[in-house]
Amino acid sequence: MSSGITVAPGIGFPDTSDGRTHVAGAVIADDRGRVFAQRRSPTRRVFPDCWDIVGGHVERGEGMLEGLAREVEEETGWRLTEVLAELFRLDWDPGDGVTRHEVDYLVRVEGDLDAPRLEPGKHTEFMWVDDSLVHRLRDERDPGDYFITDIVQRGIDAARLR
């Protein structure tokens, strides 16, 4: 699945066969330097009704790049074409006792960027975020938990350099 994906020099992918739970995050940038965000549905167990980036768990036997490409396709219908930068690494536990080892990458995709195919039941809306809209991502979260706002801002800043 990862064929045809350009990976910028210096980007490494963690070994996902180490028995830990890995999460691949895609901070999707368009050619105007905006970053894609989607709202999780109110019925989601983790971060219900909150804005999020594209991403999810890397499946058993799958590498980080393959998981990243699959999540982009599943959540938007777009095809991952380029991994531009690693933006962030984070270990987190949503309260179930399982630590997730997440790596978020700045990426580019191909497809109709005005019409993502959101996963039914999982996401309810989307927006392309620039500096003037980042504040809108601070919705139902605890004020101390603005991770998505921070990662989207990192993506916007990094996209400016490319």
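On a 1 Å grid over the protein atoms alone, a pocket is an open set of points where a 1.4 Å probe fits, with protein on both sides within 12 Å along at least five of seven lines; lining residues have an atom within 4 Å of a point. Grid points are joined across faces, edges and corners, and a volume is the space filled by probe spheres set on the points. By these criteria the second largest pocket has a volume of about 240 Å³.

The model is predicted: local features need pLDDT of at least 70, side-chain atom pairs count only at pLDDT 80 or more, and totals for chains, interfaces and linings use all residues. Residues are numbered from 1 along each chain as its sequence is written, and side-chain values use heavy atoms, with hydrogens and water left out.

The secondary structure of the chain comes to two helices and eight strands. Helices (H or I, at least four residues) and strands (E, at least two) are DSSP runs, numbered from the N terminus. Their order from the N terminus is β-β-β-β-β-α-β-β-β-α. The chain is as compact as a globular protein of its length, because its radius of gyration of 15 Å is close to the 15 Å that the globule rule gives for 162 residues. That radius is taken over C-alpha atoms, and the rule is 2.2 Å times the number of residues to the power 0.38. Along the principal axes, the C-alpha atoms fill a box of roughly 40 × 35 × 30 Å. Of the 162 residues, 49% count as buried. Buried means under 20% relative accessible area, exposed over 50%, and partly exposed in between (1.4 Å probe, protein chains only). Contact means heavy atoms within 4.5 Å. Among contacts between residues at least 6 apart in sequence, 70% join residues at least 24 apart.

The largest pocket has a volume of about 610 Å³. Its lining holds 31 residues, of which R40, D52, G55, G56 and W92 lie nearest the centre. Elements giving two or more residues to this lining are β2 (21-28), β5, α1, β6, β7 (100-110) and α2 (147-160). By class, the lining has eleven nonpolar, five polar and 15 charged residues. Here Ala, Val, Leu, Ile, Met, Phe, Trp, Tyr, Cys and Pro count as nonpolar, Asp, Glu, Lys and Arg as charged, and the others, Gly among them, as polar.

The second largest pocket is lined by T16, S17, G19, R20, T21, H22, H57, V58, E59, R60, G61 and E62. One of these residues is nonpolar, seven are polar and four are charged. E62 lies in the loop between β5 (54-57) and α1 (64-76). E62 counts as buried because its relative accessibility is 13%. A polar atom of its side chain lies 2.8 Å from the backbone nitrogen of E59. Not counting residues up to four places away in sequence, E62 touches T16, H57, G67 and R70.

Q38 sits in strand β3. With a relative accessible area of 0%, Q38 is buried. The side chain of Q38 makes a polar contact with the side chain of E75 (2.6 Å). A polar contact is a pair of N or O atoms within 3.5 Å; within protein, one must be able to donate a hydrogen and the other to accept it, and residues adjacent in sequence count only if both atoms are side-chain atoms. Beyond four places in sequence, Q38 is in contact with C50, W51, D52, I53, V54, E75, L118, H123, E125 and F126. Q38 and L137 are 99 residues apart in sequence but 9.5 Å apart in space, C-alpha to C-alpha.

T149 is found in helix α2 and is buried at 3% relative accessibility. A85 belongs to strand β6 (residues 79-92). A85 is buried too, at 9% relative accessibility. Residues up to four places away excluded, A85 touches I11, D104, Y105, L106 and R162. A85 and P9 are separated by 76 residues in sequence and by 8.9 Å in space, C-alpha to C-alpha.

Most residues other than glycine have a negative phi. F47, in the loop between β3 (35-40) and β4 (51-52), has a positive phi of about 50° although it is not a glycine. D49, found in the loop between β3 and β4, has a positive phi of about 60° and is not a glycine either. F47 is partly exposed, with a relative accessible area of 30%. D49 is partly exposed at 26% relative accessibility.
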